[in-house]
Amino acid sequence: MDENVTIRVRDLNKIYKLYDKPMDRMKEALGFSRGKRYKEHYALRNVNLDVRQGETVGIIGTNGSGKSTMLKIITGVLNPTAGSVEVDGRISALLELGAGFNMEYNGVENVYLNGTMIGFSKEEIDAKLESILAFADIGDYVYQPCKTYSSGMFVRLAFAVAINIDPEILIVDEALSVGDVFFQAKCYHKFEEFKKMGKTILFVSHDLSSVSKYCDRVVLLNKGEKLAEGSPKEMIDLYKQVLVGQFAAHEVHEAGTDLLEDEEVTSAAGRDGTEAGEIRSEAGGTDTGTLDYGTKEAVITEYYITDDKGMHTNAVLKGSSFSVHMRVRFWQDLPAPIFACSIKNAKGVEITGTNSMVEKSFLEPVHAGEVKEAVFTQKMNLQGGEYLISLGLTGYEGDRFMVYHRLYDVMDITVISDKDTVGYYDMDSRVTVKDV
């Protein structure tokens, strides 16, 4: 294995046998079955992945896409049906917190039990015990049997054991948001420490903001197959397509972004004769490599930004008002379309957004042939910098959520500021100091 690769997955398959009746499983186990009484379910199918030393790689996908199954195979909890996994380094895994704990043992005894199962010596655990107990912060309960713990105390201790043992590779599966807000802050701080120390991290989460913030590269899985891999921003946008059933067929490649989009998506023509990739932007913002998809029963045909004087622009002064305009042509009767606008930072983290349904500004049916213009007007309170604007037209048909047209990262906007505070937003605070 390449010396810079710490985890190598090749042609990984995991197949589960699904039986219609428990009796069928028993007959096969006892050898009484004639013929196959089960269906094969591929939890993973021909998945390949390399994770290099010092990388933080995220894995995202819908429930049932195979994310947790792959982590369990990498950590040795499950065996693959086919394929190979090579790991170069000592692993600490945050999978099912508390797995392997003995509920009759007290907290300290379980620290030693769990640490030994991970592969550490008593001397190594002795050296880490104080930091583990301080991190868990459950007081004298650590000397009581774990069966007396609340669920919050239990996961705090389990997390403290896994995160404070010094691994070369950290594998995390939806385990960073445990306990109260103060404990969560400690968890994320520890995670950032691992990144700064150059540890290799494999990270599964549905928290897309965390994925975007921490990961260097992201892998998108769906129904057991690897759809694509690339930058967090690209993969999160594609994941949103998967969620609404709008992800087109594509080929996976070994290099680059690993994505070749289907021509049906990249060249879908608007029914007014305008190519989807040539939607008009009126003198405000530049096309930033837009991701464009939807049923196209309605099409966003124009978009632009205006400042507080009504001038077209893509530069806005902090503290002033601005408007985002989107014009939509409807090709079908729609019961109640929803106009949406959101803003991301350069890393793809969604900072804010709203839509006409949330604002209760438009809840009416529209008819084929109509053209509507939605205008989002607000005060600019973001810190100075570069941001990306996304637009969308969605709706509900019965209980079914529909995406008629979405344009991700369709415009950029620059916020000009002479005073930047902490975080994304300026709270516009007034600070007074007086003698007492």
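Helix α5 passes helix α6 in a left-handed crossing, meaning that the near helix is turned anticlockwise from the far one by less than a right angle, with clockwise giving a right-handed one. This is a predicted model, in which local features need pLDDT of at least 70 and side-chain atom pairs count only at pLDDT 80 or more, while totals for chains, interfaces and linings use all residues. Residues are numbered from 1 along each chain as its sequence is written, and side-chain values use heavy atoms, leaving out hydrogens and water.

Back to the two helices. Helix α5 covers residues 151-164, and its axis runs 11 Å from that of α6, at an angle of about 10°. Those axes are lines fitted to C-alpha atoms, for helices over the stretch in contact, with angles from 0 to 180 degrees between N-to-C directions. As for the labels, helices (H or I, at least four residues) and strands (E, at least two) are DSSP runs, numbered from the N terminus.

Now for the rings. How many aromatic pairs does the structure hold? There are 11 aromatic pairs. To pair, rings of Phe, Tyr and Trp (its six-membered ring) need centres within 6.5 Å; planes under 30 degrees apart are stacked, over 60 edge-to-face, and the rest tilted. Phe191 and Tyr214 have ring centres 5.0 Å apart and planes at 90°, so they make an edge-to-face pair. Phe191 belongs to helix α6 (residues 181-196) and Tyr214 to helix α7 (residues 208-214), so this contact ties together parts that are 23 residues apart in sequence. Both Phe191 and Tyr214 are buried; that means under 20% relative accessible area, whereas exposed is over 50% and partly exposed is in between (1.4 Å probe, protein chains only).

Another pair, Tyr293 with Tyr408, is tilted, at 6.0 Å centre to centre and 45° between the planes. Here Tyr293 sits in strand β11 (residues 291-293) and Tyr408 in strand β19 (residues 400-416), so the pair ties together parts that are 115 residues apart in sequence. Tyr293 and Tyr408 are buried too. There's also a cluster: Tyr188, Phe191, Phe203 and Tyr214 form one aromatic group.

A charge counts as sitting over a ring if NZ of Lys or CZ of Arg is within 6 Å of the ring centre and within 35 degrees of the ring normal. Lys14 lies over the face of Tyr16, 5.3 Å from the ring centre, and Arg45 puts its charged end over the ring of Tyr42, 3.8 Å from the centre.

What about the cysteines? A disulfide is a covalent bond between the sulfur atoms of two cysteines. With the cut-off set as a pair of cysteine sulfur atoms within 2.5 Å, the count is zero disulfides. Cys146 is buried at 1% relative accessibility, and Cys341 is buried at 9%.

Two backbone spots are worth a look. Asp11 has a positive phi of about 50° although it is not a glycine. Asp11 is in strand β1 (residues 5-19) and is partly exposed at 44% relative accessibility. Asn46 also isn't a glycine, and its phi is positive, about 50°. Strand β2 (residues 38-52) holds Asn46, which is partly exposed with a relative accessible area of 48%.

Next come some residue pairs that are separated along the chain, with their C-alpha distances.

| Pair | Apart in sequence | C-alpha to C-alpha |
|---|---|---|
| Lys344 and Ser390 | 46 residues | 8.0 Å |
| Tyr424 and Gly385 | 39 residues | 9.9 Å |
| Val349 and Ser209 | 140 residues | 5.6 Å |
| Asp180 and Arg156 | 24 residues | 9.6 Å |

Where does Lys344 sit? Lys344 is in strand β15 (residues 338-345), and it is buried at 1% relative accessibility. Val349 is in the loop between β15 and β16 (350-355) and is buried at 8%. Tyr424 belongs to the segment after β19, and is partly exposed with a relative accessible area of 40%. Asp180 is in the loop between β6 (169-173) and α6, and counts as partly exposed at 38% relative accessibility.
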